[in-house]
Amino acid sequence: EPHSPASTPNTRSPRQARRPPPKTERLDRVVRSGYGTYPGRRRRDGPPPAMLFPCPSCQRDVELGERGLADCLRNLTLERIVERYRHSVSLGVGAVMCQFCKAPGQLEATKGCTDCRASFCNECFKLYHPWGTPRAQHEHVAPTLSFRPKVLSCPEHDQERLQFFCRSCQRLLCPLCKLRRAHTGHKVTPVATAYQALKDKISKGISYVLANQETVQSQITQLETAVTQIEVNSGAAREQLCQSVRELGAALANRQDALLQALEVARGGRAEALTTQLAERRALLDNAGLLAFSQELLKETDQACFIQAARLTHNRLVRAIESLQCFSLSADPSFRHFQLDVSRELKLLNGLDFIRAPLAPVIDTQRTLAYDQLYLCWRLPQDSAPAWHFTVEYRCREGRARAAGGLGGGA
């Protein structure tokens, strides 16, 4: 059969056996990575742009280099764990069918061959892996549709097994990668040594965790209690925040009423002063007020009566003439002095935040002196909250005798 694992290009055509088959994986990788010359690429072109891949943990873009995903190793261990889990809980979409049975009577696959990269039923597996042939030595696994390579190979050097581990770079190396200058002076160990060391560490870690299950359970209880307290305390903090904002609003409303009252008093006083001045000016008009009375007073012929009535009128005319010559408003109508400067308050409100504890002070070593007496200087970091005072505690040791004391300072 043309699609059977026993049918290969070498067995189908003697002429094709003279030339080695092309390595399609390598060609695809070369084309994807941008190396070599191919239609559409010139030798003078610069290197291709680096490929970015979002990290699932930190959500940051990681540069994969020019080769892209070809530089990344497959996590075969994780794949095996997922495969075992799928078989244990039966999460597959459906049963894996034999790939070599005829369509009408296709049977369910019972084995998978990692060398042939196909799944077989019992009869087909015996047929294509006859006893006493090299195919009988193939490794069989559970039936699957995605086969993994048996061992990890170097992504840069095909068919080169990863036999070394660079402890400095934390990378697996093949014998050719080990000879590079990039790993000169690095601590390179065989894979078996690194495997045993890392396996021992993980085993010790697992043993420690299993031996402290009571501690884990108590910590879980503390965490659950903390989660509950978060909800309760956040509700209390939210209520306190709303209460503080309401108090600020009430204080602003009271202050607004006081300022409006002061403004109304000033408006009434100025309006009254200007109204009085307006009445005095209207009395100076012809046939009105003081001027009309003065004109009628001049018609008096009795000298004694004229003098008795004219003295007060003359004084009023003198004052009216003086105010007419030196006219000015008795009150300022602009109210330019009744403007509020709320820039500082707005800055305080915009910077309104929860209480923060001040950061640890920084000891000023250039100004701190210690001989018979201690002169200690410190300063707060730039982004620290203000502090009212600090308390310095120290321990004085003289020979074997130890004495404890305290020293306080303010900042």
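User: What share of the contacts in the chain with a separation of 6 or more comes from residues 24 or more positions apart?

Analyst: In this predicted model, residues 24 or more positions apart account for 39% of those contacts, a contact being heavy atoms within 4.5 Å. Local features need pLDDT of at least 70 and side-chain atom pairs count only at pLDDT 80 or more, while totals for chains, interfaces and linings use all residues. Residues are numbered from 1 along each chain as its sequence is written, and side-chain values use heavy atoms, with hydrogens and water left out.

User: Why is Val-392 called partly exposed?

Analyst: Val-392 has 22% relative accessibility and therefore counts as partly exposed, since buried means under 20% relative accessible area, exposed means over 50%, and partly exposed lies in between (1.4 Å probe, protein chains only). Val-392 belongs to strand β13, residues 389–398, where a strand is a DSSP run of E with at least two residues, numbered from the N terminus. Buried residues make up 16% of the 411 residues in the chain.

User: What makes β3 and β4 a pair?

Analyst: Two strands pair if DSSP finds at least two bridges between them, and three bridges join β3 (residues 111–113) to β4, the two running antiparallel.

Definitions and conventions
Helix = DSSP H or I, 4+ residues; strand = E, 2+ residues; numbered from the N terminus.
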